[in-house]
Amino acid sequence: MGGDDFHKGVKEPSTRLDGSGLRILIVHTRWNSEIVDPLVEGSIAALVNYGVKRENIVVRDVPGAFELPSAAHRLIRQSQQQQSQNLLLGSPQVTQILPFDAAICVGVLIKGSTMHFEYIADATTNGIMRVGLDTGIPVVFGVLTCLTEEQAMQRAGIGKGDDKGHNHGTDWGSAAVEMALLNAGDSVEPVRKREMTPIILRKIEQRAWGPGQLRVAIVHTVENWDIVERLVNELRYELKNKHLVNVFNIKLTQSESIHEIPQYIARLHSRYQIIYAVGVEFKMSPLYELRLVDLLTRRLGALGGELKLPLPVFDCILVRDSQEQLEQQMQDGCFAKSWARRGIDAFTMLGPR
């Protein structure tokens, strides 16, 4: 294909996207609102174009890009907890109050004369990625990182002159629908079933794992033990009682700190199908270093391929500003529920037959 024929952008999906059963969250910044607002409008237009009902698109705003991950995480968790409470209480409104199926984080960063741009862009990028991994739903990265204001305006479809550019918000909206459907089973049908009979579906998916069928390792730290112990016990409870994993097939292994976790995983990986790395780091601690935490995240991500594991190592390292902040988020075992579900679902879909 010649250079003149090249079309920059995302190719249309190979299957029809029907977002009529989806609920989507958009979190956007008020910083650089002149550029952000058209991006949000473009995202909404794409969502509606793919069938998402306007009343199922929730839009929230935050001051700047740095606040996007924490706001998205909190709003997603609240929707998931609300759904859980409705199921437990038998609320007749369960079909009206559903957790979000996907989220879009929208913002604009324009490079200035200091290093501020690099720090905020890096923190925002990593933070948004972690929201998707921690909550188990797709989170679309809709943050423009541009060198000039003109570049940003072109990418919002409001460029100066005759060439207005392309509104990338439309790409983010279509990506949210596609990834939400993929997350639900690659079709709109599982989403509609979940609306009508969420408890029945959960029971159908459950199975009892016999001896030797599924072995789980939880490698955890002894640092911040009062919090880690609670997380480990909640994860063990979810695996045993909610996903019917034989308690004798759940091994707990402790590490002095999060940085030794990969060594322990390398020693025991051959005997276990699902491996969780569980730990807690507080940014206010004098021992905290962002660089080391980033290295650990990359190391855990690479371990699955290096050790030829059937599944990736599940990174359950929580990094928060303080213990008080984390304790506020640890309601109803929400982290353990998400981790256990991710591990079991991944093994069911991708594990050895």
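Visitor: Is Gly 165 buried, partly exposed or exposed?

Guide: The model is predicted, so local features need pLDDT of at least 70 and side-chain atom pairs 80 or more, while totals for chains, interfaces and linings use all residues. Residues are numbered from 1 along each chain as its sequence is written, and side-chain values use heavy atoms, without hydrogens and water. Buried means under 20% relative accessible area, exposed over 50% and partly exposed in between, with a 1.4 Å probe and protein chains only. Because its relative accessible area is 37%, Gly 165 is partly exposed.

Visitor: Which residues does Gly 165 touch, not counting residues up to four places away in sequence?

Guide: Contact means heavy atoms within 4.5 Å. By that rule, Gly 165 touches Gln 154 and Gly 157.

Visitor: At what angle do H9 and H10 pack?

Guide: Axes are lines fitted to C-alpha atoms over the stretch in contact, and angles run from 0 to 180 degrees between N-to-C directions. The axes of H9 (residues 261–268) and H10 (residues 290–306) are 10 Å apart, and the angle is about 10°.

Visitor: Which strand holds Phe 314, the partner of Tyr 276?

Guide: Rings of Phe, Tyr and Trp (its six-membered ring) pair if their centres lie within 6.5 Å; planes under 30 degrees apart are stacked, over 60 edge-to-face, and the rest tilted. Tyr 276 and Phe 314 form a tilted pair, 5.5 Å centre to centre with 35° between the planes. Strands are DSSP runs of at least two residues, numbered from the N terminus. Tyr 276 is in E7, 38 residues from Phe 314, which lies in strand E8.

Conventions. Helices (H or I, at least four residues) and strands (E, at least two) are DSSP runs, numbered from the N terminus.
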